[in-house]
Amino acid sequence: MAALLIFLGVGGLCTSVGLAVNGHSAALSQALFLISFVPFVAGQVYHHFKRQGDWFYRRFRTYENFRAEAIEEARQVRHEKGNAAVVRHLRVLYPHLPSTMMTRLIKEL
């Protein structure tokens, strides 16, 4: 899915450049150029979040397994330094952790 979106974006960019070079309407090529960024960026964002979810599933399988591993240390850090420190600490320990899982854990503290 991500590759398809990225290829659509790149194809649109190439088409807009081709239209501009061949002397077609500048407004058309500029509009196509700008619109082409939407699928390209969407593909990149989709790939990023998919990769995070895959990492989480491979590492923990379920939220309960993650919670069992991280909750005590997160409570200790929160007690000593506060919620912002918990976020930093979890980012250091688990750099690919999806923000939804981090938020869910912090709410349970």
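In which helix is the place of Gln-52? Gln-52 has its place in helix α2, and the model in which it is described is a predicted one. The protein chain as a whole contains five helices and zero strands, and its pattern along the sequence reads α-α-α-α-α. The points below proceed from the overall form of the chain to the helix pairs and then to individual residues.

**Overall form**

- The protein chain has a radius of gyration of 21 Å, whereas the globule rule gives 13 Å for 109 residues; the chain's value is well over that figure, so the chain is more spread out than a compact globule.
- The C-alpha trace of the protein chain spans about 65 × 25 × 20 Å along its principal axes.
- Of the 109 residues in the protein chain, 29% are buried.
- When contacts between residues at least 6 apart in sequence are considered, 58% of them join residues at least 24 apart.

**Packing of α2 with α3**

- Helix α2 covers residues 26–60, and it packs with α3 at an angle of about 70°, the axes being 9 Å apart.
- With angles of 65 to 115 degrees counted as roughly perpendicular, this angle makes α2 roughly perpendicular to α3.
- On the α2 side the contact is made by Phe-56, Arg-59 and Phe-60, and on the α3 side by Tyr-63, Asn-65, Phe-66 and Glu-69.
- By class, four residues of the contact of α2 with α3 are nonpolar, one is polar and two are charged.
- Arg-61 is located in the loop between α2 and α3. Its phi is near 75°, a positive value in a residue other than glycine.

**Packing of α3 with α4**

- Helix α3 (residues 63–81) and helix α4 (residues 83–93) have axes 7 Å apart and pack at an angle of about 140°.
- This angle makes α3 oblique to α4, since only angles over 145 degrees count as roughly antiparallel.
- The crossing of α3 and α4 is right-handed.
- From α3, the residues Ala-70, Glu-73, Ala-74, Val-77, Arg-78 and Lys-81 take part; they meet Asn-83, Ala-85, Val-86, His-89, Leu-90 and Leu-93 of α4.
- The contact of α3 with α4 comprises seven nonpolar, two polar and three charged residues.

**Packing of α4 with α5**

- Helix α5 spans residues 99–108; its axis and that of α4 come within 11 Å and cross at roughly 140°.
- The arrangement of α4 relative to α5 is accordingly classed as oblique.
- The crossing of α4 and α5 is right-handed.
- Asn-83, Val-86, Val-87, Leu-90 and Arg-91 of α4 meet Ser-99, Met-102, Leu-105 and Ile-106 of α5.
- The residues in the contact of α4 with α5 are six nonpolar, two polar and one charged.

**Residues of helix α2**

- Gln-52 has a relative accessibility of 10% and therefore counts as buried, the limit for that class being under 20%.
- Leaving aside residues up to four places away in sequence, Gln-52 touches His-96, Leu-97 and Pro-98.
- Gln-44 also lies in helix α2. With a relative accessible area of 38%, Gln-44 is partly exposed.
- Gln-44 and Ala-20 are separated by 24 residues in sequence and by 26 Å in space, C-alpha to C-alpha.

**Residues of helix α1**

- Leu-4 is found in helix α1. Its relative accessibility is 52%, so Leu-4 counts as exposed.
- Between Leu-4 and Ser-25 there are 27 Å in space, C-alpha to C-alpha, and the two are 21 residues apart in sequence.
- Val-21 lies in helix α1, which covers residues 2–21. At 65% relative accessibility, Val-21 is classed as exposed.
- Val-21 and Ala-31 are 15 Å apart in space, C-alpha to C-alpha, and 10 residues apart in sequence.

Terms used
Residues numbered from 1 in each chain as written. Predicted model: local features only at pLDDT ≥ 70, side-chain atom pairs only at ≥ 80, totals over all residues. Heavy atoms only, no water. Axes fitted to C-alpha atoms, helices over the stretch in contact; angles between N-to-C directions. Helix = DSSP H or I, 4+ residues; strand = E, 2+ residues; numbered from the N terminus. Parallel < 35°, antiparallel > 145°, perpendicular 65-115°, else oblique. Left-handed = near helix turned anticlockwise from the far one by under 90°. Contact = heavy atoms within 4.5 Å. Nonpolar A, V, L, I, M, F, W, Y, C, P; charged D, E, K, R; others polar. Rg over C-alpha atoms; globule rule 2.2 N^0.38 Å. Buried < 20%, exposed > 50% of the residue type's maximum accessible area, 1.4 Å probe, protein only.
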